[in-house]
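This report describes a single protein chain and is organised by topic. Please consult the sequence and structure shown below while reading.

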Amino acid sequence: IEEQYGVQKNDVVISRKMYSTGKKIAVLIKDTTIVVVPNGSSLIIRPDTIKLFPVYLKAFLEFLPSDIVIKELKLTSKKHLLSKGSLSKLLVPLPPVTEQIALSDKYDKVKTVDFYHRYANPIIEQYDSLMNFFWTCYN
């Protein structure tokens, strides 16, 4: 079997200092025609898409409150850097994939939504229900 380096479609890339900087951004690789080369301060997460919908994982990583992650993973260094070992201890709530898709299908479209009309927009309703779901799992 040939080793594969770099990112692949459906990988999620995060910064090792994601929870210490307040900039909780996870990048979902949707297309590998654009070359993405993560640097040494990044982690590549390759979800098993049979069990874990990549957009759901991205949303989960971005929604989790930093203080809970730091406490849960016992990140004791001053910079609270994630490692492959610490990240593997993070418990991701796993409803069936069909439910994960239903919860997070339009998550990436939230950035394009008019928040002034949030109560009339099904994308915002989905976003809110996903956020509430994660918070009930972690509180």
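What is the mean pLDDT of the chain, and what share of its residues reach 70 or more?

## Model and confidence

The mean pLDDT (the predictor's confidence in each residue, from 0 to 100) is 81, and 83% of the residues reach 70 or more. Confidence is highest in helix α2 (residues 54–63), with a mean of 92, and lowest in helix α3 (residues 66–72), with a mean of 81. Helices are DSSP runs of H or I with at least four residues, strands are runs of E with at least two, and both are numbered from the N terminus.

This is a predicted model, in which local features need pLDDT of at least 70 and side-chain atom pairs count only at pLDDT 80 or more, whereas totals for chains, interfaces and linings use all residues. Residues are numbered from 1 along each chain as its sequence is written, and side-chain values use heavy atoms, with hydrogens and water left out.

Ten of the ten residues of α2 are buried (under 20% relative accessible area, with exposed meaning over 50% and partly exposed in between, for a 1.4 Å probe and protein chains only). Among them are Lys58 and Glu62. The cover over these buried residues includes β1 (12–15), α1 (18–21), β2 (26–28), β3 (42–45), α5 and α6.

Serine 66 belongs to helix α3. Serine 66 counts as buried because its relative accessibility is 17%. Leaving aside residues up to four places away in sequence, serine 66 touches Tyr19 and Lys24, where contact means heavy atoms within 4.5 Å.

## Aromatic pairs

Rings of Phe, Tyr and Trp (its six-membered ring) pair if their centres lie within 6.5 Å; planes under 30 degrees apart count as stacked, over 60 as edge-to-face and the rest as tilted. By this rule the count is seven aromatic pairs. The pair of tyrosine 56 and phenylalanine 134 is tilted, because the planes stand at 55 degrees, with the centres 5.2 Å apart. Tyrosine 56 in α2 and phenylalanine 134 in α6 are 78 residues apart, and both are buried.

Phenylalanine 63 and tyrosine 107 form an edge-to-face pair, at 5.7 Å centre to centre and 65 degrees between the planes. Phenylalanine 63 lies in α2 and tyrosine 107 in the loop between α5 and α6, so this pair ties together parts 44 residues apart in sequence. Ring pairs link Tyr56, Phe60, Phe63, Tyr107, Tyr127, Phe133 and Phe134 into a cluster.
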